[in-house]
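Subject: Structure handover

Hello,

Here is the structure for your files. Please open it first, then read the notes below.

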Amino acid sequence: MDIDPVSVSRLQFAFTASFHIIFPAFTIGLAAWLATLEGLSLVTGRTLYRRLFDFWLKVFAVAFGLGVVSGLVMAFQFGTNWGELSTRAGPIQGPLLAYESFTAFLLEATFFGVLLFGRGRVPRWAYFLSTLMVALGTTFSAFWIMANNSWMQVPVGYDLVDGIFTPRDWAEILLDPVLWVRFPHMLLGAYLTTAFCVAATGAWYLLRDRHLGEARVMLGMGLGIAAVLIPAQILFGHLNGEYTAEHQLGKFTTIEGRWQTEQPARLILFAWPDIAEERNRFEIALPALGSFVDQGNFTAKEPGIVTVPADDRPPFLIPFYGFRIMVGLGLVMLALSWVGLWLTLRGRFRGPTPGPRWFLRATFLAWPSGFIAVLTGWLTAEVGRQPWVIYGVMRTAEAVTPSLSSGAALASLTAYFLVYALIFSAGTLYLYRLLREGPLEDGPESEGGPSSRARPAALGDLNPGRPLAVGGPIPAAKRRAIRKATAPNPGPRNLTTDPASTEA
């Protein structure tokens, strides 16, 4: 079978990028969440926030490590699979990616070490400052990645000299309006992903009647953050649609799902497209709303897919359905967060009972909604950019390494798949164990009450040299070693009072 190395390279990059993006989306929000918890602990003095911080720090550490591993692989691919892109666009992409690595390792790695091993060894204000620096580092990393990607989506501020993209104006590249609507959109997506993971974890503990005090804080803060941020995310999502309509007609018409130009244009909510016949076999559409959403009036003329040359059209199904999944999950998260806010204001999460179990189950089941929304949104943006790697200037088929063979691309794809399956299965299992065990339950402000179980993470507390240790049953040999190490010291034997010496 003759396999195109371009297609295999695209599949390989899509596979690794899809794995990678879920971890930064989680850790960017988690870093901000940790800074919030440490700040609240510092201001209020409540140990409940400290217990939550210690718990989520372990989760952050594992997710951060998995994100670094998956990101390094993507950097290698620029050299192995996309050598022509690196050669021609390197003068612009190289500095942007270098700044990302610089800020990541300078801020994130340095101060992350303080978070793991500096508790009790540095002043409280320095520890809190470290949490802020880690959050700032993850945000900087996201900015440089989005700067690079936004330049590939809408290239500006460059000159093409002998086929090489050279920077003409860095200010134009970094102040591109497209970047400044895409970067907040990605940042808000990361915050919402984490907010729903935190809220779902709280709902899970409430359903299991465990960690009640910590669970109520996680549920309330997670849903509260989501209730505030989702309207802002909808605004930036609309602004992203405006730049797409202005600069990327192929992606815009594919997302809209209109094959023919219409005036006024319908808003197609769902459809079953027939690509060969260039029409929708089945669709649910609202009249004139497409013109209103895109142009702000009910009579505007909107282009159809047929206005884009066939060679310049992206693959249809992934952007079309990916966009609808992303928007649908955003609306689900909006409804859950606002219902949760309404229930909180009515006092439904106070008192001895955990709260409405139907709502807790719905919130728990919604834990992956942020991940899926980020992933489908990213696929919509990237697949919708095709067949261009640098939109309108360089096609994807021109970017692949000239000497790359299909066999080499398939071999590396297989190797990546096996390594990812091994590493990420182990990492995901460890994350599940951390979340299952939950935060420490003892302390002056434990609010679990009689229903709370015995402290589950005692091993990590007894062994501060292992800050990522998961709690659980302590082996008998380990218990004997701990008992021996912590037994009272009897002191030197007094020869004058020791019965044995007297007898002698």
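Strands here are DSSP runs of E with at least two residues, and they are numbered from the N terminus. Keep in mind that this is a predicted model.

**The nonpolar patch**

Two strands, β3 (267-274) and β4 (279-286), each supply at least two residues of a nonpolar patch. The patch covers about 580 Å². Its members are Leu269, Phe270, Trp272, Phe282, Ile284 and Leu286. Take Leu269 as an example. Leu269 sits in strand β3. Its relative accessibility is 42%, so Leu269 counts as partly exposed. A residue needs over 30% relative accessible area to join a patch.

Strand β1 spans residues 158-161 and strand β2 spans residues 164-167. The two pair in the antiparallel sense, over 4 bridges. Asp159 has Thr166 in β2 as its bridge partner. Tyr158 has Pro167 in β2 as its bridge partner. Between the strands of this hairpin there are 2 residues. Look at Asp162 in the hairpin: its phi is positive, near 55°.

**The largest pocket**

Now the pocket. The largest one holds about 1500 Å³ of space. It is lined by 48 residues, and the closest to its centre are Phe13, Ala17, His20, Met74 and Ile145. Which helix gives the largest share of the lining? That is α1, with 12 residues. Helices that each supply at least two lining residues are α1 (5-44), α2 (47-80), α3 (83-117), α4 and α12 (369-385).

**Salt bridges**

How many salt bridges does the model have? The count comes to 19, taking a side-chain nitrogen of Lys or Arg within 4 Å of a carboxyl oxygen of Asp or Glu.

- Glu214 and Arg51: their side chains meet at 2.9 Å, N to O. Glu214 lies in helix α7 (residues 212-247) and Arg51 in helix α2, so this pair ties together parts that are 163 residues apart in sequence. Are these two buried or exposed? Glu214 has a relative accessible area of 2%, so it is buried. Arg51 is at 7% relative accessibility and therefore also counts as buried.
- Arg266 and Glu262: this salt bridge is 2.8 Å, N to O. Arg266 is partly exposed, because its relative accessibility is 26%. Glu262 is at 15%, so Glu262 counts as buried. The cut-off for buried is under 20%.
- Arg281 and Glu277: the closest N and O atoms are 3.6 Å apart. Arg281 has a relative accessible area of 48%, which makes it partly exposed. Glu277 is partly exposed too, with 46%.

The network links Glu38, Arg50, Asp54, Arg119 and Arg124 through salt bridges.

**Contacts across the sequence**

Trp125 and Glu38 are 87 residues apart in sequence, yet their C-alpha atoms are 9.8 Å apart in space. Trp125 lies in helix α4 (residues 124-153). Why is Trp125 called exposed? Its relative accessible area is 59%, and exposed means over 50%.

The other pair is Ala32 and Val134. These are 102 residues apart in sequence and 8.4 Å apart in space, C-alpha to C-alpha. Ala32 lies in helix α1. Its relative accessible area is 22%, so Ala32 is partly exposed.

**Where to look**

For a quick tour, begin with the patch on β3 and β4. Go on to the hairpin of β1 and β2. Then view the lining of the largest pocket, with α1 as its main contributor at 12 residues. End on the salt bridge between Glu214 and Arg51.

Best wishes

Key:
Residues numbered from 1 in each chain as written. Predicted model: local features only at pLDDT ≥ 70, side-chain atom pairs only at ≥ 80, totals over all residues. Heavy atoms only, no water. Patch = residues over 30% accessible without salt bridge, like charges linked within 9 Å, V, L, I, M, F, W, Y side chains within 5 Å. Areas by Shrake-Rupley, 256 points an atom, 1.4 Å probe, with all protein chains shown as cover. Buried < 20%, exposed > 50% of the residue type's maximum accessible area, 1.4 Å probe, protein only. Pairing = 2+ DSSP bridges. 1 Å grid on protein atoms, 1.4 Å probe; cavity = no way out; pocket = protein on both sides within 12 Å on 5 of 7 lines; lining within 4 Å. Points joined across faces, edges and corners; volume = space filled by probe spheres on them.
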